[in-house]
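User: I'm new to this one and would like a short tour. Can we start wherever you like?

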Amino acid sequence: MRGIARVATAALLSLSSVAGFAAAAQAEPIDYVRIELLELTCHQQSEGDHDEAYLKVTDANGNAVKVWPGSVKYQTMGPGYVRSMTDGNGNAALVLGKQQARTMTLWDYDTTSGDDKLGATLVTGSEAGAEIQYRSLEGAGGVYTIAYRVIDI
């Protein structure tokens, strides 16, 4: 009788282990969000009369991808300039999981030397549903504010 009980107990433990393994193998689906770019404001340019600004975002593979401006190489920026960034919103690099993050980096395009980093900020998927976010970006003497929001998709 004791042998039958051991076999039955072993069978039950085996079944519960299989069920637990199967449940663990079915990963939770990723809940995706999208960074929606709104506008960029220049408070102080980094050089000369104007900056030639563009924005890159790290994608899911960690690569820096230019997302703004969408159709030209850069946007001219100077103190008091406010530029819409909505033309960059179609880029796939702006999509991320709620448990993920992306780095947005603002650059100044230079033709004669390396581009200057005007600042960077980390955006997390957990910001979804919050109001418009305003982040200060500072670098190479430039001071900017970027406005964005993270929305569920």
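Analyst: Ile30 lies in the loop between α1 and β1. Bear in mind that this is a predicted model.

User: Is Ile30 buried, partly exposed or exposed?

Analyst: Ile30 is partly exposed, at 47% relative accessibility.

User: Which residues make the nonpolar surface patch with Ile30?

Analyst: Tyr32 and Ile153 make it together with Ile30, and the patch covers about 300 Å².

User: Changing topic to charges. How many salt bridges does a search of the whole structure find?

Analyst: The search finds four. Side chains of opposite charge can pair when their charged atoms come close.

User: Which residue does Asp31 meet in a salt bridge?

Analyst: Asp31 meets Lys98, with 3.2 Å from N to O. The two sit in distant parts of the chain, 67 residues apart. Asp31 is in the loop between α1 (2-25) and β1 (32-44), while Lys98 is in the loop between β6 (95-97) and β7 (101-108).

User: And how accessible are Asp31 and Lys98?

Analyst: Asp31 is partly exposed, with a relative accessible area of 39%. Lys98 is also partly exposed, with 26%.

User: What does Asp152 form with Lys98?

Analyst: Asp152 forms a salt bridge with Lys98, and their closest N and O atoms are 3.0 Å apart. Asp152 lies in strand β10 and Lys98 in the loop between β6 and β7, so this pair ties together parts that are 54 residues apart in sequence. Asp152 is partly exposed, at a relative accessible area of 46%.

User: What about Arg149, which residue does it form a salt bridge with?

Analyst: Arg149 forms a salt bridge with Glu36, and the closest N and O atoms are 2.4 Å apart. This pair links distant parts of the chain too: Arg149 is in strand β10 (residues 142-152) and Glu36 is in strand β1, 113 residues apart.

User: Buried or partly exposed, for Arg149 and for Glu36?

Analyst: Arg149 is partly exposed, with a relative accessible area of 30%. Glu36 has 16% relative accessibility, and the cut-off for buried is under 20%, so Glu36 counts as buried.

User: Can you recap the salt bridges you went through?

Analyst: Asp31 pairs with Lys98, Asp152 pairs with Lys98, and Arg149 pairs with Glu36. These are among the four that the search finds.

Methods: Residues numbered from 1 in each chain as written. Predicted model: local features only at pLDDT ≥ 70, side-chain atom pairs only at ≥ 80, totals over all residues. Heavy atoms only, no water. Salt bridge = Lys/Arg side-chain N within 4 Å of Asp/Glu carboxyl O. Helix = DSSP H or I, 4+ residues; strand = E, 2+ residues; numbered from the N terminus. Buried < 20%, exposed > 50% of the residue type's maximum accessible area, 1.4 Å probe, protein only. Patch = residues over 30% accessible without salt bridge, like charges linked within 9 Å, V, L, I, M, F, W, Y side chains within 5 Å. Areas by Shrake-Rupley, 256 points an atom, 1.4 Å probe, with all protein chains shown as cover.
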